[in-house]
Amino acid sequence: MLCMWPHSHPCLCHQLPPEMISGMDHDHRVDVWTLGVLTYEFITGHPPFEAEGKGATYRKITTVDIDYPSYMSHEAKDFISKVQHPMV
């Protein structure tokens, strides 16, 4: 899902970290968050916070609501869950 952030730059909504959605200050840890999102996408072929509409996607991101498929290894789940800790 493509959206505008911040109101002028196109981005992929499902890759935004909670800090950016909440309008909070953020640092290099948002890049670590994105590494977790991309790792999930590389393994599954779809984003971890995929939902119907931007609002639902943002809710999944801010609550870190990830459904891990049964075929994903314990190590991959562990890695993703460790880097998906928001600063908020």
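Q: Is Tyr68 buried, partly exposed or exposed?
A: This is a predicted model. In it, Tyr68 is partly exposed, because its relative accessible area is 28%, which lies between the cut-offs of 20% and 50%.

Q: How many aromatic pairs does the structure hold?
A: The structure holds 2 aromatic pairs. In one of them, Trp33 and Phe49 are stacked, with 5.6 Å centre to centre and 5° between the planes.

Q: Which parts of the chain does that pair link?
A: The pair links distant parts of the chain, 16 residues apart. Trp33 belongs to helix 2 (residues 29–44), and Phe49 to the loop between helix 2 and helix 3 (54–62).

Q: Are Trp33 and Phe49 buried or exposed?
A: Trp33 is buried, at a relative accessible area of 1%. Phe49 is buried as well, with a relative accessibility of 0%.

Q: And what about Tyr40 and Tyr68?
A: Tyr40 and Tyr68 form an aromatic pair that is tilted, with 6.3 Å centre to centre and 55° between the planes. Tyr40 lies in helix 2, while Tyr68 lies in the loop between helix 3 and helix 4 (74–83), 28 residues away. Tyr40 is buried, its relative accessible area being 2%.

Q: Changing topic, which residues are buried in helix 3?
A: Thr57, Tyr58, Lys60 and Ile61 are buried there. They lie on the same side of helix 3, because they cover an arc of only 160° around the axis.

Technical notes
Residues are numbered from 1 along each chain as its sequence is written. This is a predicted model: local features need pLDDT of at least 70, side-chain atom pairs count only at pLDDT 80 or more; totals for chains, interfaces and linings use all residues. Side-chain values use heavy atoms; hydrogens and water are left out. Rings of Phe, Tyr and Trp (its six-membered ring) pair if their centres lie within 6.5 Å; planes under 30 degrees apart count as stacked, over 60 as edge-to-face and the rest as tilted. Helices (H or I, at least four residues) and strands (E, at least two) are DSSP runs, numbered from the N terminus. Buried means under 20% relative accessible area, exposed over 50%, partly exposed in between (1.4 Å probe, protein chains only). The arc is that of the directions from the helix axis to the C-beta atoms.
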